[in-house]
Amino acid sequence: MKRQEIKFLIQDKDLSKLKKKYQFETLYKPRIIKTLYFDTYNFKFFRQSEEGLTPRLKVRMRGYNEGDINNFEIKKTNSYHREKITVKNFTYSLPKLNKLVKNYDIFENLSEKLLVVYNRYYFSIKEIGRITVDENIKFFTPKSNYELPFRINDKVLEVKIEKNIIDKFDVEKKINLRESRFSKYCSGVNSAYNI
């Protein structure tokens with residue numbers, strides 16, 4: 001699957017202005033998303049993301065609401081689009097995950113680095129397209145046994161588009177904010193690790 005994603009860090013007042021300007025249509029019920037991220041010993045994926053290199057990878061397990069974290073995903077960011085590989089109902093163990101990633105040309109051993117938990121809301125705006133709003137974002141690390149969260153107060157608004165339908169500059173103009181290179185994984189690593 002190929003798509004463009006444009007992210008904006010947004011405050012409550014910005015979201016209120018958008019809701020006054022555009023009619024938000026709710027697409028799905030909100031849900032809690034839990035994402036467990038993996039990286040190499042020296043945080044190779046984190047460093048590639050921080051430097052804005054392409055192509056770059058994120059390897060993660062994801063679950064929803066009270067369900068198991070059992071969807072394995074590799075998210076690949078290329079220069080002009082993103083691709084996502086998903087293996088549903090993957091029974092996780094670290095040795096199994098390290099064996100699986102070799103099928104996708106990842107030959108370094110990975111380990112658990114960060115658990116991110118947040119609330120996601122799904123909307124459609126006729127003039128813009130499909131959007132999500134993430135809030136109550138919390139980060140947990142294995143070194144704290146996933147018990148002591150780091151938090152951020154920002155919300156993340158993400159517009160999902162097909163590049164040939166609408167361009168980034170048009171989206172920025174309609175949202176009336178500048179695009180952000182925000183990554184939950186990188187933000188969490190920056191908050192929780194002294195790298």
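Q: How many bridges join β4 to β5, and do they run parallel or antiparallel?
A: In this predicted model, strand β4 (residues 71–77) and strand β5 (residues 82–87) are joined by six bridges and run antiparallel.

Q: What do β4 and β5 form, and how many residues are between them?
A: They make a hairpin, with four residues between the two strands.

Q: Which residue in β5 does Glu73 stand opposite?
A: That's Thr86.

Q: OK, switching to pockets. What volume does the largest pocket have?
A: About 540 Å³.

Q: How many residues line it, and which lie nearest its centre?
A: The lining has 26 residues, and Glu5, Arg56, Arg82, Lys168 and Glu179 lie nearest the centre of the largest pocket.

Q: How do the residues of that lining divide into nonpolar, polar and charged?
A: Eleven are charged, ten are polar and five are nonpolar.

Q: Which strands each supply at least two residues of the lining?
A: β1 (2–10), β3 (56–64) and β4 each do that for the largest pocket. That's the β4 from the hairpin with β5.

Q: Now the inside. How many residues does the largest nonpolar core have, and which have the most contacts inside it?
A: The largest nonpolar core has 18 residues, and Phe43, Phe46, Val116, Ile137, Phe139, Tyr185 and Val189 have the most contacts inside it.

Q: What other core lies apart from it?
A: Another one, of 17 residues, with Tyr22, Phe24, Ile131 and Val171 among them.

Q: Back to Val116. What is it in contact with, leaving aside neighbours within four places in sequence?
A: With those left aside, Val116 is in contact with Ile33, Lys34, Thr35, Tyr37, Ile137, Lys138, Phe139 and Lys184.

Q: Where is Lys184 found, then?
A: Lys184 is in helix α5.

Q: Is Lys184 buried or exposed?
A: Lys184 counts as buried because its relative accessible area is 7%, and the cut-off for buried is under 20%. Beyond its neighbours within four places in sequence, Lys184 is in contact with Leu114, Val116, Tyr118, Arg120, Asp134, Ile137 and Phe139.

Q: What about Gln23, buried or exposed?
A: Gln23 is exposed, since its relative accessible area is 70%, and exposed means over 50%. Gln23 lies in the loop between α1 (12–21) and β2 (24–39).

Q: Which residues does Gln23 touch, not counting those up to four places away in sequence?
A: Ser124 and Ile125.

Q: And how far apart are Gln23 and Val156?
A: They're 133 residues apart in sequence and 19 Å apart in space, C-alpha to C-alpha.

Methods. Residues numbered from 1 in each chain as written. Predicted model: local features only at pLDDT ≥ 70, side-chain atom pairs only at ≥ 80, totals over all residues. Heavy atoms only, no water. Pairing = 2+ DSSP bridges. 1 Å grid on protein atoms, 1.4 Å probe; cavity = no way out; pocket = protein on both sides within 12 Å on 5 of 7 lines; lining within 4 Å. Points joined across faces, edges and corners; volume = space filled by probe spheres on them. Nonpolar A, V, L, I, M, F, W, Y, C, P; charged D, E, K, R; others polar. Buried < 20%, exposed > 50% of the residue type's maximum accessible area, 1.4 Å probe, protein only. Contact = heavy atoms within 4.5 Å. Core = buried A, V, L, I, M, F, W, Y, C linked by side-chain atoms within 4.5 Å.
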